[in-house]
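Have a look at it first, then read the points below.

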Amino acid sequence: MIVKIGKAPDNDYKIEDAQISRYHARLSAEPQQTDWLLEDLDSANGTFVNGIQIVRKRITAGDEIRFGMNHHTDLARIVAAKNDYSEAFAALKPVYDRYIQQKIKIQSGNQFKARLFQALPFALPGVIGIVIGFLGKGNPLLFGCSLFVAICAPVVGIYFGAKQAAKVPSLLHALGDQFKIDYVCPKCGTFLGEVPWESLRNRQQCPVSSCKANWVRK
């Protein structure tokens, strides 16, 4: 990818300033690379990175860039002129992956707990029956305790199981709300839905007609 910088109308990053040459500088990067090369094109008033005049220099997002004496800018602004949001879009992949993992964890974890709460009390009467068998069937106290547990334990288990299951919608709702904030087009902020990141990457750009941000470096 190449971003042409200067005063001429056919530049990607156009600067209306008397000190800027028609074709002042060029910013370039190979596809899939994250570092950028800034080159001065023999301009009249120079290209500067962090206050030092350069001819060719690799730059990063934290560098301060100046063309001529007056025009201060940075890497993000220059790249945005080319409508390139590939790096910001790539950062959405772990956002989507994390969302799916947490969603599965909430659903499977709470389902297991709910079933455990509901199933375990039904096993208690059987355990008590075995205890009674060892201690003597004619003991009325043990028989009463066994009957009480046989009646109450399943009810208690069903209650706690239902209570655990009721947590799922609220947990998923909170997770989904945060996902709607994080999983958006880096340019226009439109929520991208639950479409897998790989599918969005195949589209290469934002489907919003007023945005059309490039998600894949060309």
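1. F48 has Q53 of β6 as its bridge partner. Strand β5 (residues 47–49) and β6 run antiparallel and are joined by 3 bridges. Two strands count as paired if DSSP finds at least two bridges between them; strands (E, at least two residues) and helices (H or I, at least four) are DSSP runs numbered from the N terminus.

2. This is a predicted model, where local features need pLDDT of at least 70, side-chain atom pairs count only at pLDDT 80 or more, and totals for chains, interfaces and linings use all residues. Residues are numbered from 1 along each chain as its sequence is written, and side-chain values use heavy atoms, with hydrogens and water left out.

3. The open sheet has 4 strands in the order β6-β5-β8-β9, with antiparallel pairing. β6 (52–54) and β9 (71–74) each have a single partner strand, so at these edges one side of each lacks a neighbour in the sheet.

4. The largest pocket holds about 240 Å³ of space. A pocket here is an open set of points on a 1 Å grid over the protein atoms alone, where a 1.4 Å probe fits, with protein on both sides within 12 Å along at least five of seven lines; lining residues have an atom within 4 Å of a point. Points are joined across faces, edges and corners, and the volume is the space filled by probe spheres set on them.

5. Which residues are closest to the centre of the largest pocket? Of the 13 lining residues, they are L75, A76, V79, D84 and E87. α1 (75–81) and α2 (86–90) are the elements giving two or more residues to this lining, and α1 gives the most, with 4.
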